[in-house]
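Let's take a walk through a protein model together, one step at a time. Have the picture at hand and follow along as we go.

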Amino acid sequence: ANALCARPAPQGKRFAHCLKRAAVQNLQQAHTYGLRAIVGLAELCAGLISAPGIGLPLAIIRFIRFGEADAAHGDGGAGNQGKPLGGILGLLLRHMAESLLRRLPDADAVAGVFEPLAKYEDVREGM
């Protein structure tokens, strides 16, 4: 992905844009995925976020449909209501954050990735 996004415009920009769109679309449907798919999606998103040439922001997690997950599982799935990191979407967020912390080289890079979340109150509280 890094090599393809580093290509000269317009190919590189188009490929980066398509990667961002695909990540958003998969995050919107994440509440329907199983355990393996969620872990794979978390790893993929963490890799795209940590790669400097792609430019996928961590703020894409605001597109996760938490309300639809609660509706699909009734009470949030085995009593997960009121627990923001419970269930399959909680696993996605925890695994993505853990993978990002492993991939990023230092505290400044971590702060740079997580800083944009400060302007989204609902996302900030969820994380």
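Our tour of this predicted model starts with a pair of side chains: Glu43 and Arg103 form a salt bridge, and their closest N and O atoms are 2.8 Å apart. Why might two such side chains pair up? Side chains of opposite charge can pair when their charged atoms come close. Now look at where the two partners sit. Glu43 belongs to helix H3 and Arg103 to helix H5, so this pair ties together parts that are 60 residues apart in sequence. Arg103 is partly exposed, with a relative accessible area of 38%, and Glu43 also counts as partly exposed, at 22% relative accessibility.

Arg102 lies in helix H5, which covers residues 87-103, while Glu43 lies in helix H3, so here the parts tied together are 59 residues apart in sequence. How accessible is Arg102? With a relative accessible area of 53%, Arg102 is exposed, because the cut-off for that word is over 50%.

Glu98 counts as partly exposed, at 47% relative accessibility. How many salt bridges does a search of the whole structure find? It finds three.

Let's stay with helix H3 but turn to another neighbour, helix H2. Two packed helices are described by the angle between their axes and the distance between the axes. Here, the axes of H2 (residues 11-28) and H3 (residues 35-50) come within 11 Å and cross at roughly 145 degrees. The crossing of H2 past H3 is left-handed. Which residues make the contact? On the H2 side they are Leu19, Ala23, Asn26 and Leu27, and on the H3 side Leu41, Cys45 and Leu48.

Technical notes: Residues numbered from 1 in each chain as written. Predicted model: local features only at pLDDT ≥ 70, side-chain atom pairs only at ≥ 80, totals over all residues. Heavy atoms only, no water. Axes fitted to C-alpha atoms, helices over the stretch in contact; angles between N-to-C directions. Helix = DSSP H or I, 4+ residues; strand = E, 2+ residues; numbered from the N terminus. Left-handed = near helix turned anticlockwise from the far one by under 90°. Contact = heavy atoms within 4.5 Å. Salt bridge = Lys/Arg side-chain N within 4 Å of Asp/Glu carboxyl O. Buried < 20%, exposed > 50% of the residue type's maximum accessible area, 1.4 Å probe, protein only.
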